[in-house]
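Colleague: Please take one part of this model and go through it closely with me, step by step.

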Amino acid sequence: MTTATLQPDNQALAERGWAALPPSYRIPEVAPTLAEARLYCKRLAESHYENFHVASWFLPAALRPHFHAIYAYCRISDDLGDEVGDPAQSLALLEIWGRELDACYEGRARHPVFVALAETIRARSIPKEPFADLLRAFRQDQTVTRYATKRDVLDYCRYSANPVGRLVLYACGEADDEKFRLSDATCTALQLANFWQDVRRDYAKGRVYLPQDDMRCYGVPEETIAGGSATPEFRELLRHEVAFARGLFEEGLALPGMVDRELALDLELFSRGGLGILRAIERQDYDVLSSRPTLSRGAKLALALRAVAGKAFPFLGPGMRPKGKAA
């Protein structure tokens, strides 16, 4: 799929959009080999995401290329939506990317991500739906900037976050309805934790993920976010949202005990990282406007060491299922 097959207006928008992104994101005229495509995805994953190195330590070597391909798809999809700076250009690029996804499932992949992903899809029997759902969320980001209710926010998370967890379960051979349910709870909680961590940053991009009805209920106008000063009302609003997210994390904590140990370590690492963000918000007394709450280097190291200990000493882990055993 090239920009030449788009309508002229969309073709021009797409060309301007590609110019705002790394040249390597463009779709080549000739498809790379599988080895070249996997190297592309590995480099993208390990250069863009500092925690990918830690997480990948606990994965079987045979699964790493699949995770590299899935991560690369998610990374570029997100950048097409969030790093271009123009909604119309992003929508044109996401149309191209969606057609490349279709081509991937039809055996016509050309972009390195989709060449690598095609083998992952074949080997792990992954349906198109979770990949397509992510693109739906990125398209929605271009046109929807406010959410009337918490139900609307959760519906957005269904497409923006939950597919990632489902892709992980497919890649690890752990796909079933109950695991999907628990994974959805964890992924939605992670998305919410990131939203509440980044209220000010998202507002600068023109987006407010705090439900509008909750803001009204707690007496928090948008001017409070714009002013960057956390009022007592704002802190109470964030207390409420943090408590809801924590409940979802707690619901999903059963998942590591249902999967193989290597995956369980990753799942626990990310869940505890998300809970750590919520604790960081609490330590700032719910003031996420004057400074962005983050995990300290020491907290990140503690999470990594805990996961390392769980791999070296399985009896220290959270009731994880031994590799190869039935749940």
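Colleague: Which residues have the most contacts inside the largest nonpolar core, and how many residues does that core have?

Modeller: The model is predicted, so local features need pLDDT of at least 70 and side-chain atom pairs 80 or more, while totals for chains, interfaces and linings use all residues. Residues are numbered from 1 along each chain, and side-chain values use heavy atoms, without hydrogens or water.

Trp18 and Tyr73 have the most contacts inside the largest nonpolar core, which has 53 residues (buried Ala, Val, Leu, Ile, Met, Phe, Trp, Tyr and Cys joined through side-chain atoms within 4.5 Å; buried means under 20% relative accessible area, with a 1.4 Å probe and protein chains only). Its largest share, eight residues, comes from helix H4, residues 64-82 (helices are DSSP runs, H or I, of at least four residues, numbered from the N terminus). A second, separate core of 36 residues includes Trp196, Phe234, Leu248 and Val288.

H4 is also among the elements that cover the buried residues of helix H9, and so are helix H6 (112-124), helix H7 (129-143), helix H8 (150-160), H10 and helix H15 (261-283). H9 itself spans residues 162-171, and because eight of its ten residues are buried, it is largely enclosed by the rest of the structure. The buried residues are Asn162, Pro163, Gly165, Leu167, Val168, Leu169, Tyr170 and Ala171. After H9 comes Gly173, which has a positive phi near 70 degrees.

H10, one of the helices covering H9, also meets H14 (contact is heavy atoms within 4.5 Å): Arg181, Leu182, Ala185, Leu192 and Trp196 are among the H10 residues involved, and Leu238, Phe244, Leu248 and Gly252 are among those in H14.

Technical notes
Buried means under 20% relative accessible area, exposed over 50%, partly exposed in between (1.4 Å probe, protein chains only). Helices (H or I, at least four residues) and strands (E, at least two) are DSSP runs, numbered from the N terminus.
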